[in-house]
Amino acid sequence: MLPNYSARLARLQKALSAEGYAGAVVTSSANLQYLTGFREGVWERFAGLFLSAGGVATLVVPELSRRRAEHDEKMVDVVSYRDEQGPGTCVVRSLRGFGRKGVLGVEWSFMFRDWELIQSVGEYSFRNVSSMLDGMRAVKGDEEVALIKRACVATDRGLEDLQGLMREGMTEVAIAREIKDRIMEHGGESIPFCLVQSGPNAAVPHNEPGRRKVVRGDIVVVDVGCTVDGYNSDITRVYVLGRLSVEQERVLEAVLDAQRQAISVVKQGEEARVVDKAARTVIKKAGYDRNFIHRTGHGLGLEVHEEPYIHGSNAELLREGMVFTVEPGVYLEGKFGVRIEDDARVTSGGCEVLSGSSKVFS
Ligand code: CO
Ligand code: CO
């Protein structure tokens, strides 16, 4: 089932015209896919959607991407340029319906390069409209949730396979290669990130896999996700090699309990920060609040990190259809770290956890 791109474009157009914009120029990969279905990384060549407040939508792409930008439903006009020509003429044509001056909505990631290109056409001023798009994307439709779920299933199956494959003496890099292969076999289409952190390396949340060999007594943290049709999963599991020390056990129990408590308070109408508080309270009680050094979660969709952000000062109300991670962690420098992460969809009375593999493999 194709997403309803025309409805998304119409919603954005309505918001732009209500706030007096001449139109918007959308250039980020995630928003281009969301609004038009055009799915390609934005590289050194210009690509952008020009949506006028009057509702005219033109997608400018390099010639080599034209076939991918066009699909059956013609809700946007696709124009393309060749490398020797450059995007200038297409941009001029696309801005025709905007008038020669006015306010253009752009995203926070809008590039100076693109500003130069557009500024040469008319006297425009620019304003950030990322929040309009972020707000639209935060609440997922059923077809989007279905894709995230498929990404979760592939990741879960890969993580389960890894249990039988992980042995003492393997390097983190070798483990990362195994898990990526398995996830792809189970239906993942790309693996945007894959963290394998063993022993003391897990005390630094974003450590990339290295050449350290796993040994008995290690906790190995694996944080990995994949995409299906551009939609992401993001799951973290813990593998225990041998027996846990008393301290490792205490931290693991605290993190597991914190995650359970946080998930239990998720429901439509609850404040995002309440979820963070629920996790933090458990970890504080266990004496590790100073070692829980990041927010409890982040929204998940076309990007691995998007709205809503689950942290202590976000009073935003959760809405049915939002999808985000719940991932408390405790990091003890020089010793070890533990993080457990699942992906949840907000429902009217609670939440549906989309990921489902066992949280600890031993
Ligand atoms: Co993660
Ligand atoms: Co995450």
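User: So which is it for Thr347, buried or exposed?
Analyst: This is a predicted model, where local features need pLDDT of at least 70, side-chain atom pairs count only at pLDDT 80 or more, and totals for chains, interfaces and linings use all residues. As for bookkeeping, residues are numbered from 1 along each chain as its sequence is written, chains are lettered from A and ligands numbered from 1 in the order in which they are written, and side-chain values use heavy atoms, leaving out hydrogens and water. Buried means under 20% relative accessible area, exposed means over 50%, and partly exposed is in between (1.4 Å probe, protein chains only). Because Thr347 comes in at 16% relative accessibility, Thr347 counts as buried.

User: Which residues does Thr347 touch, not counting those up to four places away in sequence?
Analyst: Thr347 sits in the loop between β16 (342-346) and β17 (351-353), with strands being DSSP runs (E, at least two residues) and helices likewise (H or I, at least four), numbered from the N terminus. Contact means heavy atoms within 4.5 Å. Leaving out residues up to four places away, Thr347 touches Lys267, Gln268, Glu320 and Glu352.

User: Which protein donors hold the cobalt ion (ligand 1)?
Analyst: Donors are N, O and S atoms within 2.8 Å of the metal (3.2 Å for Na, K and Ca), and water isn't among the atoms, so sites may look incomplete. Along the chain, the donors of this ion follow the spacing D-x10-D-x106-E. At 2.0 to 2.5 Å, the donors are Asp223 (OD), Asp223 (OD), Asp234 (OD) and Glu341 (OE).

User: What geometry does the site of the cobalt ion (ligand 1) have?
Analyst: Four donors are tetrahedral if all angles lie between 85 and 135 degrees; four are square planar and six octahedral if opposite donors are over 155 degrees apart and all others between 65 and 115, and anything else is irregular. Here the angles among the four donor atoms run from 56 to 146 degrees, making the site irregular.

User: What's the relative accessible area of His298?
Analyst: Asp234 is buried because its relative accessibility is 3%. His298 is buried as well, and its relative accessible area is 2%.

User: At about what angle does helix α1 run to β2?
Analyst: Strands β1 (residues 23-26) and β2 (residues 48-52) pair in the antiparallel sense over four bridges, with Gly23 opposite Ser52. Axes are lines fitted to C-alpha atoms (for helices, over the stretch in contact), and angles run from 0 to 180 degrees between N-to-C directions. Helix α1 (residues 5-18) lies across both strands, and its angle to β2 is about 55 degrees.

Key: Pairing = 2+ DSSP bridges.
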